[in-house]
Amino acid sequence: MQSPIVLRQTVLLGDGLTGVNRVISLLRQRRYDVRSVAAEVARPDGHEVTWLTFVISACTEADAALLAERLLRLPTVLCVSEIQ
């Protein structure tokens with residue numbers, strides 16, 4: 001059995017707070033061991049309002065890859081990146 005790692009991800013979202021709620025719902029439904037979630041307004045191109053969500057969770061490397069795939073399936077998620 002793999003030991004858990006601390007995973008830090010940023011998730012760029014469209015669809016405002018609705019998108020943030022969808023991400024949080026996915027984390028809760030799949031029972032990820034979330035340590036922290038934070039969201040803030042970001043404007044990467046200066047026109048559309050997007051949200052940047054920071055997620056810190058404890059999971060195995062396989063679960064980390066699966067989480068990224070699941071997040072990218074949400075229509076509101078624009079990109080997912082891991083913070084080193």
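Predicted model: local features only at pLDDT ≥ 70, side-chain atom pairs only at ≥ 80, totals over all residues.
User: What makes strand 1 and strand 3 count as a pair?

Analyst: Pairing takes at least two bridges found by DSSP. Strand 1 (residues 5–13) and strand 3 (residues 50–59) are joined by nine, so they pair, and they run antiparallel. One spot to look at is threonine 10, whose bridge partner in strand 3 is phenylalanine 54.

User: And how do you know that strand 1 pairs with strand 4?

Analyst: By that same cut-off of at least two bridges.

User: What pattern does the chain follow along the sequence?

Analyst: Reading along, you get β-α-β-β-α-β.

User: Why does the radius of gyration agree with a compact globule?

Analyst: For 84 residues, a compact globule would come out near 12 Å; the chain has 13 Å, so the two agree. If you want the box, the C-alpha atoms fill roughly 45 × 25 × 20 Å along the principal axes.

User: What does it take to be called buried, and what percentage of the residues is?

Analyst: A residue needs under 20% relative accessible area. In this chain, 36% of the 84 residues are buried.

User: What about charge? How many side chains are positive and how many negative?

Analyst: There are 9 positive and 9 negative side chains, with the centres of the two sets 8 Å apart.

Note on methods:
Residues numbered from 1 in each chain as written. Heavy atoms only, no water. Helix = DSSP H or I, 4+ residues; strand = E, 2+ residues; numbered from the N terminus. Rg over C-alpha atoms; globule rule 2.2 N^0.38 Å. Buried < 20%, exposed > 50% of the residue type's maximum accessible area, 1.4 Å probe, protein only. Lys, Arg positive; Asp, Glu negative; His and termini not counted. Charge placed at Lys NZ, Arg CZ, Asp CG, Glu CD.
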